[in-house]
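Work through the exercises below with the structure open. Each task is followed by a solution in steps.

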Amino acid sequence: MGRRRRVSGLLIYTILVFLFLFAPIAIVVLFSFNKSASLTFPFHGFSLRWYRFVFSSSTYRGAILASLRVGGITVLVVTLVGTLAALGLARYKLRGSAALRSSILVPATLPGLFIGIALLTFFVQVHVPLSLWTVTVGHLVYVLPYFFLVASSRLQRFDFLLEESARDLGAGPWTTFRRVTLPLIAPSLIAGVLVAFSLSWDEVFITFFTIGAQNTLPLVIYSTVRQSVDPSVNAISTLLLGGSLIFIVAIRRFLADVQS
Amino acid sequence: MTEPSSSYLRIERATKAFDRVAAVSDFDLDVGTGEFVSLLGPSGCGKTTLLRMIGGFEFPDRGRIVLDAKDITRLPPHKRPVNMVFQRVTLFPHLNVYENIAFGLRLAHISKAERRRRVGEGLELVRLPGFGGRDVHTLSGGQAQRVALARAIVNRPKVLLFDEPLSALDLQIRRELQVELKEIHRELQGTFVYVTHDQEEAMSMSDRVVVMREGKIVQVGSPVELYRSPQSLFVASFVGSANVWHGEVVSTDERGTIVSVNGTHLRGGRAEESRTGDRVAMVVRAEVAQLASASDAAPADPLASMRGTVADALFVGAVTHYRVDVAGRRVTISRPSREDTIVLAAGQAVMVTWDPNDAYVLPADEMTQSEADRSTSGPGSSKSRPGRRTL
């Protein structure tokens with residue numbers, strides 16, 4: 001008897017926790033399909049009008065393109081720099097390697113607010129006009145450590161004797177990288193790319209301080225919510241949620257491959 | 001000492017230091033075509049560094065490496081006509097067995113048909129026919145090293161290098177592969193340079209063994225030469241299972257050398273260099289000493305004998321290993337079991353005798369002393385098999 005009561009008590013607790021976690025998300029998703037502009041119950045029936053609105057709105061389109069551009073360039077640069085850093089630090093065990101490794105990780109431990117203010121001060125001092133480029137620089141600073149961590153995960157256990165084997169069999173340094181090293185570390189690089197892009201995609205703090213005239217998607221959503229309560233925000237949020245879920249599944253897949 | 005018929009691979013005064021510590025110093029070696037040469041020595045003796053210099057993974061600070069009349073001292077690994085089999089499995093995990101073996105051939109732009117033929121031949125040679133499609137993760141340790149060997153061989157290198165390729169394998173697999181490697185060497189008639197710290201491995205496979213210590217050659221010779229005429233305590237004490245007695249030279253004559261070991265005079269072989277009073281080590285191998293019941297007739301040479309008591313007997317089949325307490329020290333003696341139908345029992349009084357010519361008198365060597373003393377603790381004291389010493 002007592003045991004059953006305890007079990008059902010635990011069940012109620014669990015349900016409450018899950019409600020707390022997921023009810024707001026469910027409501028956002030639900031109301032993104034609402035026919036009317038009202039954000040309160042009752043629900044007026046399904047429609048895709050807010051999605052149509054999002055895709056036809058030049059503000060949203062511009063913001064999505066801006067976010068894609070910032071994320072794309074960030075990923076490109078971070079992949080190049082981060083891969084080289086991870087490779088170098090894994091291959092050469094030098095004095096100071098450990099210090100170098102931790103210093104690469106420092107930006108990840110700093111508050112975004114701090115990085116944002118620091119970069120703003122810096123850009124103002126060197127007279128660089130704020131634009132998507134300054135945002136991109138901010139994202140590079142912020143995203144690099146995360147990419148480095150993910151990319152390093154496999155390199156830590158990479159057997160560099162494989163590279164010597166390839167050299168021994170007639171492969172020059174570049175061929176060795178292309179034929180042996182790259183294929184073997186590719187899964188962790190892809191996971192790193194996905195992590196880097198998703199971090200850049202919904203970054204707010206640093207973007208807020210370094211942004212120029214053209215807003216990124218998170219900032220557009222933020223300003224929309226502040227001005228008026230518009231159900232289109234629900235639609236765009238649901239789209240973002242969907243995108244994130246796909247990313248998370250993909251990252252997990254590639255990281256699982258890294259672990260194996 | 002057997003000199004190679006022709007010098008194919010020549011190492012001239014090669015010197016290499018790491019952090020100002022010499023790994024290899026003023027090293028000279030000539031390897032003939034088709035020769036199987038082993039570099040044998042304890043870890044840190046520079047044998048791997050030397051091999052890596054031949055492979056192009058290290059460049060000597062001084063000296064030259066000449067292969068087939070061409071100076072290759074400064075060539076990077078991918079431009080040298082040599083291939084290496086590494087200690088660890090270094091098969092490319094993202095490629096299957098066929099692709100691994102064909103790796104070098106593809107880089108050399110060998111045609112597809114020729115690649116297929118050579119990979120097939122290679123697999124045949126290492127006794128793994130039909131393994132081409134296998135995933136390298138499914139191979140056992142021994143199979144993986146065979147594939148690694150095939151991957152090296154198919155490129156038809158001028159010299160094949162081996163960096164302790166069998167050391168990670170089980171004893172039985174290692175024995176099998178040693179025999180196969182020797183056969184493969186005979187079939188290919190290639191030039192092999194093989195690094196190992198396992199004296200039995202070096203002795204059983206090689207035409208010549210280069211014994212190394214501290215970056216230098218201690219002795220070079222055929223396995224039989226090293227066994228029969230060791231020129232130093234270092235060499236004598238690890239070829240076979242040896243008893244080492246330190247003492248001083250009392251006198252020398254045509255019958256041999258009298259050595260005083262803790263006051264007891266013992267006769268050993270001739271030592272031309274030795275003078276009265278010299279510190280020397282007398283080396284009597286476990287397998288050359290004789291053992292007789294103490295009640296038997298007096299020994300032929302009282303100076304080449306010692307009375308003792310059997311401490312224990314370890315019957316291992318073909319051989320019985322005895323540990324005999326002689327004047328406070330323990331002596332290891334290995335006798336073929338067929339001779340001793342009755343195994344001598346512990347506590348039995350015995351006479352240990354030897355032919356003075358089998359007892360090497362060699363200059364004392366402080367460095368080898370501790371190692372040799374440890375080895376006289378004999379069989380049963382450690383997991384290593386008696387008669388086989390790994391440095």
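**Exercise 1. The open sheet of chain B**

Task: In which order do the 5 strands of the open sheet of chain B lie, and what is the sense of the pairing?

Solution.
- Step 1. In this predicted model, the order is β13-β12-β11-β14-β20 of chain B, with antiparallel pairing. Strands are DSSP runs of E of at least two residues and helices are runs of H or I of at least four, numbered from the N terminus; two strands pair if DSSP finds at least two bridges between them.
- Step 2. β13 (264-268) and β20 (359-363) of chain B are the edge strands, each pairing on one side only.
- Step 3. From one strand to the next, the twist averages 45°. Axes are lines fitted to C-alpha atoms, for helices over the stretch in contact, and angles run from 0 to 180 degrees between N-to-C directions.
- Step 4. β14 (residues 279-285) of chain B runs antiparallel to β20(B), and 5 bridges join the two. Opposite Val361(B) in β20(B) stands Met282(B).

Before going on, note the conventions. Residues are numbered from 1 along each chain as its sequence is written, while chains are lettered from A and ligands numbered from 1 in the order in which they are written. Because the model is predicted, local features need pLDDT of at least 70 and side-chain atom pairs count only at pLDDT 80 or more, whereas totals for chains, interfaces and linings use all residues.

**Exercise 2. A hairpin**

Task: How many residues lie between β17(B) and β18(B) in their hairpin?

Solution.
- Step 1. Strands β17 (residues 319-326) and β18 (residues 329-336) of chain B pair in the antiparallel sense over 8 bridges.
- Step 2. Val326(B) has Arg329(B) in β18(B) as its bridge partner.
- Step 3. The hairpin has 2 residues between its strands, and Ala327(B) in the turn has a positive phi of about 45°.

**Exercise 3. Two helices**

Task: Describe how α2(B) passes α4(B).

Solution.
- Step 1. The axes of α2(B) and α4 (residues 141-153) of chain B come within 7 Å and cross at roughly 30°.
- Step 2. The crossing is right-handed: the near helix is turned clockwise from the far one, while a left-handed crossing has it turned anticlockwise by less than a right angle.
- Step 3. α2(B) brings Val97(B), Asn100(B), Ile101(B), Phe103(B) and Gly104(B), which meet Val147(B), Ala150(B) and Arg151(B) of α4(B). Residues are in contact if their C-beta atoms, placed from the backbone, lie within 7 Å.
- Step 4. By class, this contact has 5 nonpolar, 2 polar and 1 charged residues. Ala, Val, Leu, Ile, Met, Phe, Trp, Tyr, Cys and Pro count as nonpolar, Asp, Glu, Lys and Arg as charged, and the others, Gly among them, as polar.

**Exercise 4. The side of chain B that touches chain A**

Task: Which element gives the most residues to this side of chain B?

Solution.
- Step 1. The contact joins 18 residues of chain B and 14 residues of chain A.
- Step 2. β6 (82-85) and α2 (97-107) of chain B are the elements giving two or more residues.
- Step 3. α2(B) gives the most, with 3 residues.
- Step 4. This side of chain B has 9 nonpolar, 7 polar and 2 charged residues.
- Step 5. For the complex, the predictor gives an ipTM of 0.79 and a pTM of 0.80.

Notes: Contact = placed C-beta atoms within 7 Å.
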